Amino acid sequence: MSKHKKSDSQKKTQPVKGLINVGPAETFHQLSLVLTAARVLPSDLVKAHFKHAEDELGSKLTALLDRFATLTGNGRDPVEVIREEILTDANLGPAAKTVLLLWYIGGIRNAAGDWAVQSADHYYRGLVWDAIGAHPPTLSNGYYGHWKYPAER
Amino acid sequence: MPASNGKISAKDTFDVVIIGAGVAGALVACVLAQKSLRVLLLEAGETGGNREDLVLRYAAATFKGLGVAYAASDPSKIPGPEQPADPKDIKQARDLYYDQQGTEKYLSTYERRVGGSTWHWLGHTPRNLPNDFRLKTEYNVGVDWPLGYADLEPWYCKAETELGVAGDDAEWQGVHGAFRSAPFPMPKIWPSWSDLQFSRALKATPIDGLILEVLSTPSARNSQAYDGRPPCAGNASCVPICPIGAKYDASVHVKKAVANNAELRERSVVSKLEVDSDQTIHLVRYRKWDGTPGSAWGRIVVLAANAIESPKLLLLSKGDAVPNGVANSSDQVGRNLMDHLQKAVLATSSKPVFPFRGPPSTSGIEVFRDGRFRERRGAFRMSVGNDGWSRAGSPFTDVANLVENQGLFGQELRERLFHDVSRQVRVSCSVEVLPNPDNRVQLSPLLDASGVPRPQIHFATDDYTRSGFGPALDVMSAILRAIDAVPTSIDRNPLNYTGAGHIMGTCRMGFDRTLSVVDADCRAHDHRNLYIVGSSTFPTCGTANPTITIAALALRAANNILATLPQFPMPAGSAK
Amino acid sequence: MNSDAAITRSTLLKLLTEACELEHGLACSYLYAAMTLRQQPDGKKLPADQLLLVRQWASQLYFVASQEMLHLAQAWNLLTALGGTPYYLRPNFPQNTKYYPLHMRLALEPFGERSLDRFVGYETPANLLKEHSFAAELIKPRSADATNSFRTVGELYDLIEEGIAKLANAIVGEPSAQVGTDLVDFPDIVRVVDLDSARKAIHLITHQGEGNETDRADCHFGIFVKLRGDLLEQQKRNPEFSPAHPTILNPAVDTSEGYGAPHATRIENNHTRRVASLFDGLYSLMLRMLGYTFSPCGSSELRQMLGQSAIMLMATVLKPLGETLTSLPATDKPDGPTAGPPFGLTRHVTLPVDAASARTLVTERLQELTTMASEIASDPAAPDSMARIETTMLRVRDMVEALAIRAAGT
């Protein structure tokens, strides 16, 4: 029986170019692309999550974006930058993780331990649902009976 | 001749006044309205927003508890165990409302709104088994019901047609002796991929010498277009809300009742049932949210306010004629409070099963719901979940853990997340509770935000129920081994359980008026024009989700009401 | 209609093949409309609350399409009961107006007022025809020729039912050849073994489609009427409401005469056209696999295996592939229209009866199509969903190969 062949289609992350000269919003966009490994992130959501992250993290976000822009501006592989320079940093690491979870869940964890999303829209567009081969509760992409078959993944 | 109608206007005079617009009240209202009777449906809660608004509220909510979609427009007017007077208290709502005085907390809650708790029920409709109605005769525990499965069976069929139940005739004919005289209205809800893996594995692996059959669970969930509602699309959000109405909720019958000229008065909190000198109850007093008092007069009054609010109202209505509360010469009102107590085991399967798709549960194992062992310990129903480890906060907890604790991101995060979550399984058991007079609802000296005494609850489990958990957990462990799944943990402490949301027993039915509140027709022994419908009338609770039994009893009671009405004519001189 | 003389078996079989083409064509039209509906919120065009409704509409269209597929399967059972074999061909889209006596065009059109209007028309019971905006087209006098005298799908089935009732010795097919739920995931499918079950099968079809006098809401007709009303209401609420992708009409991989759809719209974008070609290849293979399941003389293990694999392909590969196509560009213009699944059928053989040959054909073709999917997925222009589809195809291919090997061993 033939083994499942790993596909060749895993896309390599493109190196991020010239981040020194772009604003924090675009840096946030580029950082988000690398953190999530998404090919494309919708621009309205990038804007909204940037604002939410700014409100929550303040100067910690600025520091994160500056470091990311600086290190990747030299042509270093952004994945390596994140893994070795950012996640390992006591301040930048948590900030990056907050941003990543914001993309996945659509919200930021509050003091009570709950995930505060800013709108139904953000909840629905969290990346977690697609990543687990499902869909957000109340927004099925399916038809009657689809749960009988393996997930489209 | 009724004496108390003199001051009531025609617009407040009805053939039947029904208190509570949940599934029981709505069904009775619908049946009677279709016979062109003048029906009033009084509901303490409100209709509150269209379905899309409720869904969006849920999606935007930070704490996704049972009641978040249903927050009232003015919570202080309608406090309840899911809705605190102050929205920021939502996590503590239950114990801000229940005055918990028992050694164990009573865990199940309900919604106070038009349509009641069926808005957020799972939708499962297995029937009670024949022996569930005769525990005392068969096993010498608990009590017998004053009617049997065969008496209720035709009404089960009618209830299934009214609600729209999907099920498999071949699978369910004769399970534990429960014969079916009519086919299910709709073919079964398709089992999930996960169910099929369980089924296959269990067919090949006997457990304690038994081949466990996985049966699709009968559900009030459309498997095809039915009654103008669409088929299930697998939104996976039945609890707490179906965004498309494929899952039945009682707003269906409220609408039908109103379409047949029943009058719905919402935001009307009933405060007292007035007892006449001849022990009839015609006058119902209520207060609107804005404080305006109101009253309604019915030839017959039906109390359908759920198993906490119904006894509460009966006790609140005590007076000189009824010093122990309305319908309470037996002293059973509020007593015998029951629930189904549940334990879940979460596990990791060796192969992906793709949870978070389809209804939270589509199949179960029914074989342990009856047997000789019930002489010594409680029976249990087992269900298989399609909702992964959502009870532990998945998938949010999983992605948070992988990111925060393991530092994963990018493609690796996606792959690990899918790998882990796609293998999440859950099996659950639901154990029966025997009636115990000390498990009860009384009036607390503490008042709720609207100035009404809170329900004071005493509840404790006994050995009968606690010794049901052990065997259930053993079976669940064996099932998980059979499908090559590894449990995360198994909590054997019988005091650590969750409530099923099945509130039952507090106005139980029986032959003997000294030991019960209503008779087999749900008619109060003490007041012959008062009916009580809902799960408060259950003398024992078996292991089945109660709603279809509630519905069957309600339809049967409505039929009885039609026969009884002539005994209680309209007052002389009252306009029709 | 001349109802005194019995219709011959040959005419009945031809009428049934016409029914097959219709059910099949309807299923594709409904699927196409469902696949064009958006799945993500999109600013003012599709805010989150309207997206909830749009997903509901999609699942209802899929539901109706699945019932049309059941009807097609039911028609196949009827065909084999009468001594025929399953018929899976149909003209490519758009179909000639005069092709059926219905005088209505079957087309692949995105979800919208126009397509919904057409859908309502397809499912309208004969006695309601006058109310429909297509009334002028639909109310043609019935001709004397039995095979040309139906104005609705319902009337076609009436003809068939009458014909079966009057034909001496109508049911000649082997009962064991009939397909039941053990072979395919159609919970309501009726095995046609006598006149009663033939009637039951036909009534199931017409009831689900047109309903009856007292129960219109739950049939296709009622569902489409409601959908159309809901759409109009949402358009009033939100003038920018755009529930569907702007897909071209009747997309095709190829519009040459040999392909049979000269008025189709060729997909110009090379990458998208390749994806569409993959879709058509899978679609054709799936039909041929199902055809084997429904034919009266194949190996029973293989019939079951192919039936279940075909449904699996439909649900887990064809659906996401069709949905992917409706957001891929049809042209090379950046903001131009998008494409869609062409459901294009070309000449091909039905699978042979011999199990070993059938297995070889299926596994080879599935491997070819999987390789094609991998190539497409590795193209930089491919959307994320293609990687997922490729993974699923690899899994299905492995599953089919394993089942084929097991079937070979028995």
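In the predicted model described here, 64% of the 576 residues of chain B count as buried, where buried means under 20% relative accessible area, exposed over 50% and partly exposed in between, with a 1.4 Å probe and protein chains only. The model is a predicted one, in which local features need pLDDT of at least 70 and side-chain atom pairs count only at pLDDT 80 or more, whereas totals for chains, interfaces and linings use all residues. Residues are numbered from 1 along each chain as its sequence is written, chains are lettered from A and ligands numbered from 1 in the order in which they are written, and side-chain values use heavy atoms, with hydrogens and water left out.

Chain B contains 13 helices and 17 strands, which are DSSP runs numbered from the N terminus (helices H or I, at least four residues; strands E, at least two). The radius of gyration of chain B is 23 Å, close to the 25 Å that the globule rule gives for 576 residues, so this chain is as compact as a globular protein of that length; the radius is taken over C-alpha atoms, and the rule is 2.2 Å times the number of residues to the power 0.38. Along the principal axes, the C-alpha atoms of chain B fill a box of roughly 80 × 50 × 45 Å. Of the contacts in chain B with a separation of 6 or more, 73% are accounted for by residues 24 or more positions apart, a contact being heavy atoms within 4.5 Å.

Within chain B, helix α2 spans residues 51-60, and its buried residues are Arg51(B), Leu54(B), Val55(B), Leu56(B), Tyr58(B) and Ala59(B). These buried residues pack against β2 and α6 of chain A, against α8 (251-259) of chain B and against α2 (48-81) of chain C.

Between chain A and chain B, 49 residues of chain A are in contact with 52 residues of chain B. The area buried between these two chains is about 4,300 Å², of which carbon and sulfur atoms give 65%; buried area is the accessible area (1.4 Å probe) that two parts lose on being put together, summed over both. On the side of chain A, Thr138(A), Tyr144(A) and Trp147(A) lose the most area to chain B, together 20% of what that side buries. Three salt bridges are found across the interface of chain A and chain B, each being a side-chain nitrogen of Lys or Arg within 4 Å of a carboxyl oxygen of Asp or Glu. The side chains of Asp130(A) and Arg414(B) meet in a salt bridge, at 3.4 Å from N to O.
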